[in-house]
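Here is a short report on one structure. It covers a ligand site, a sheet and a helix.

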Amino acid sequence: APVADTGLSGGAKAPRGFVALSDVAPTILQEIRYTTPHNFVGEPIDGYRQPMCVVTRPTAEALKRAQRGLLRKGYSLKVYDCYRPQRAVDHFVRWAEDVADERMKAEFYPQVDKGRLFEDGYIAEKSGHSRGSTVDLTLVKLPAKPTRPYVPGEPLKPCYAPHDQRFPDNSVDMGTGFDCFDTLSHTDDARITGAQRAHRDLLRSALAAEGFTNLPEEWWHFTHKPELFPDTYFDFPVERRSLPGGHHH
Ligand SMILES: C[C@@H](N)C(=O)N[C@H](C)C(=O)O
Ligand SMILES: [Zn+2]
């Protein structure tokens, strides 16, 4: 049942109810982008101390059920972001205020003014991710191909370029890359047809069957309903020791 709590929780530890996704659904692939410089800011984001997916237990269990059905079809889920501390969102806001910093524009928002990213719905100042039941994810066709790391300073390709010309990702072709802030990422954009449309619809239907709703601006962003913590914006860091029982000696 939802927990009656409001506002920002400044606690350094997660309450009971948060888990490591890998403990519940170990076959779900993880590529946690905000731990790395390969994201729209271009540097690791505050509060991401370990590359791991932390979510509420009902969300993890629902992802596990979706994964079971997808594996039978030859696909795996891959998460890019899960629980997001408020300090990470604050980092996004500070970055947005520095209009001169466009180091990642050529990949992540070539056609959108960075001053419009919040009003256009691509980034939120209070994000559902901080409530622990929202995830950013894609599909990978199995067997998963290896990936290579992004090298800071490497030439950037637009995230809506043809799949084989974008930054290499072992995901299926969704028409754009993750965190591609562009109307082409709108889930129902009419320019998305054929295999790209089939992939978006497969991801959305597999997750909808387990209680997830999609954000219309972003094919990769889903919230599990009902939310365990519908009103609380957490700020504990993403690391194993934040979790209940996660501080082993
Ligand atoms: C920043 C992007 N990955 C995202 O999650 N956007 C939504 C709107 C959010 O910030 O909650
Ligand atoms: Zn998201």
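## Ligand site

Ligand 1 is surrounded by Asp81, Tyr122, Ile123, Ala124, Ser127, Gly128, His129, Asp136, Asp179 and His221. A residue is near a molecule if its C-beta atom, placed from the backbone, lies within 6 Å of it. The shell divides into three nonpolar, four polar and three charged residues. Here Ala, Val, Leu, Ile, Met, Phe, Trp, Tyr, Cys and Pro count as nonpolar, Asp, Glu, Lys and Arg as charged, and the others, Gly among them, as polar.

This is a predicted model: local features need pLDDT of at least 70, side-chain atom pairs count only at pLDDT 80 or more, and totals for chains, interfaces and linings use all residues. Residues are numbered from 1 along each chain as its sequence is written, while chains are lettered from A and ligands numbered from 1 in the order in which they are written.

## Sheet

Five strands form an open, mixed sheet in the order β3-β5-β6-β8-β7. Its edge strands, β3 (29-30) and β7, each pair on one side only. Strands (E, at least two residues) and helices (H or I, at least four) are DSSP runs, numbered from the N terminus. Two strands pair if DSSP finds at least two bridges between them.

β7 (residues 212-215) and β8 (residues 218-224) are antiparallel, with four bridges. They form a hairpin with two residues between them. Asn214 has Phe222 in β8 as its bridge partner. Three bridges join β6 (residues 134-141) to β8, also antiparallel. Thr134 stands opposite Thr223 in β8.

## Helix α3

Buried residues of α3 are Gln86, Ala88, Val89 and Phe92. They cover an arc of only 160° around the axis, which puts them on the same side of α3. The arc is that of the directions from the helix axis to the C-beta atoms. On the other side, Arg94 and Glu97 are exposed. Buried means 20 or more other C-beta atoms within 10 Å of the residue's own, exposed 12 or fewer, and partly exposed in between, with C-beta atoms placed from the backbone.
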